[in-house]
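Please prepare a short briefing on the structure shown here.

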Amino acid sequence: MERDNIQAMSGYTWGEQPDSKTVIKLNTNENPYPPSPRVAKTLAEISADMLRVYPPPQADELRDFLAGLHNLDRENFLVVNGGDELLRLLFTTFLNAGEAFGMSEPSYSLYPVLAQINDSPVVRINLETDWSLPRDFSQRLNNEGVKLACIVSPHAPSGSLVNMDILSRVVSEFKGVILIDEAYIDFVDPALRHDSTRLVKAFDNLVILRSLSKGYSLAGLRAGYAIAPAHLIKPMLTKTRDSYNINTISQTLALEALKDQEYAQNTWQKVRQSRRALRKQLISRGFVVPPSQANFLLAEVPDKCEHSAAQLLATLRKHKILVRHFDTPVLEDKLRISIGTEEQNAMLLRALDQIGLT
Ligand SMILES: Cc1ncc(COP(=O)(O)O)c(C=O)c1O
């Protein structure tokens, strides 16, 4: 009874979410530190009676807070039930069924799944070997008739950041609606002074995705938001999203987490430090690891290693350590490793040393 395109597709493959608390989870890029204590305190104060009535339909208190945080207007924000909801809304709102969707290859594996649901062909533009976007990225998408495109920066799964000049050029040259997926932006080194939100005032075709899952340690809550010119926010806010897409608990706790910038920034700083240290340690063991501005590293298994990346994944799992492997030609010899606590990273390195890479 499914539509033909739904029957033909296989759906998104999640990273494993184990039941056991003893497993070291470095497979789905969660923040290894707990959310702000303000979140725990407010959660304890939530009464069941609060849930009797519907939540504020447009999450306006959150939108106002975000407007202040990013120095934009309430009309530039849409709060969503996790960044994934925004991705789905972009297809529903801006891409006619059958019209082409564009993305870099590789990137977030949910994009092509959403395109399949929309019955849209996917135009994949291969990244350069250093994970950068090809110079003619937008032109090629335009030539293929692409009307909606996503770029992810910092890039998943390499962690490479697209700099502001390139972002501006890509957005200005692309003729459709373009998303900059910034699910991992909080982990970018502040010394780079990277801030794509100012592009929202300059371009009428740009949507930026932000997530509270990683930066604010709230993957289980499901909260994120879009930043975009008001004319792109409005149809999603008033027409295509579910009427009460953000539940009361999410709205309340997301606001607390966002208000505690100092706490969140402290976790980002710790992740950055661990990222630097872990990368150095992996490189010293022969892995090829490009610099990352995200909370994960993409580690190419050393040539001399007698295990393939898939075998290493399976062996690490026996040591109760989960990492991620993608079975595609460009990624099959690599593991994506989320940055854990210092202790978790040390346990990963110890396990690798026990397994022996030669
Ligand atoms: C590149 C990218 N974009 C968006 C998301 C969506 O995040 P969430 O729905 O948890 O906010 C993820 C989650 O893993 C991601 O990796």
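The briefing below covers domains, helix packing, the ligand shell and some backbone details.

This is a predicted model, in which local features need pLDDT of at least 70 and side-chain atom pairs count only at pLDDT 80 or more, while totals for chains, interfaces and linings use all residues. Residues are numbered from 1 along each chain as its sequence is written. The chain is divided into domain 1 (4–34 + 262–355) and domain 2 (38–260), with bounds that come from an automatic or database domain assignment.

**Domains**

- The centres of domain 1 and domain 2, taken over C-alpha atoms, are separated by 24 Å.
- Where the domains meet, 31 residues of domain 1 are in contact with 27 residues of domain 2; two residues are in contact if their C-beta atoms, placed from the backbone, lie within 7 Å.
- On the side of domain 1 that touches domain 2, helix H1 (4–8), helix H11 (261–284) and strand S9 (296–300) each supply at least two residues. Helices (H or I, at least four residues) and strands (E, at least two) are DSSP runs, numbered from the N terminus.
- H11 gives the most to that side of domain 1, with 7 residues.
- By class, the side of domain 1 that touches domain 2 has 17 nonpolar, 10 polar and 4 charged residues. Ala, Val, Leu, Ile, Met, Phe, Trp, Tyr, Cys and Pro count as nonpolar, Asp, Glu, Lys and Arg as charged, and the others, Gly among them, as polar.

**Helix packing**

- Two packed helices are described by the angle between their axes and the distance between the axes. Axes are lines fitted to C-alpha atoms, for helices over the stretch in contact, and angles run from 0 to 180 degrees between N-to-C directions.
- Angles under 35 degrees count as roughly parallel, over 145 as roughly antiparallel, 65 to 115 as roughly perpendicular and the rest as oblique.
- Helix H2 (residues 37–45) packs against helix H10 (residues 248–259) at an angle of about 155 degrees, and their axes are 8 Å apart. H2 and H10 are therefore roughly antiparallel to each other.
- The crossing of H2 with H10 is right-handed. A crossing is left-handed if the near helix is turned anticlockwise from the far one by less than a right angle, and right-handed if clockwise.
- Arg38, Val39, Thr42 and Leu43 of H2 make the contact with Thr252, Leu253, Glu256, Ala257 and Lys259 of H10. This contact of H2 with H10 has 4 nonpolar, 2 polar and 3 charged residues.
- Helix H3 (residues 60–70) and H10 have axes that come within 10 Å and cross at roughly 20 degrees. H3 and H10 are therefore roughly parallel to each other.
- H3 passes H10 in a left-handed crossing. On the H3 side, the contact is made by Glu61, Leu62, Phe65 and Leu69, and on the H10 side by Gln251, Ala254, Leu255 and Leu258.
- Helix H4 (residues 83–94) and helix H9 (residues 230–240) pack with their axes 10 Å apart, at an angle of about 90 degrees. That makes H4 roughly perpendicular to H9.
- In H4, Leu89, Thr92 and Thr93 meet Pro235, Met236 and Thr240 in H9. The contact of H4 with H9 has 3 nonpolar, 3 polar and no charged residues.

**Ligand shell**

- There are 13 residues around the ligand, and Gly82, Gly83, Ala183, Ser211 and Ser213 come nearest. A residue is near a molecule if its C-beta atom, placed from the backbone, lies within 6 Å of it.
- The shell around the ligand divides into 5 nonpolar, 6 polar and 2 charged residues.

**Backbone details**

- The peptide bond from glutamate 105 to proline 106 is cis, with omega near 0 degrees. Proline 106 is in the loop between strand S3 (100–105) and helix H5 (110–117).
- A cis peptide bond also runs from alanine 156 to proline 157, with omega near 15 degrees. Proline 157 lies in the loop between strand S5 (146–152) and helix H7 (164–173).
- Aspartate 119 is not a glycine, although it has a positive phi of about 60 degrees. Aspartate 119 lies in the loop between H5 and strand S4 (122–126).
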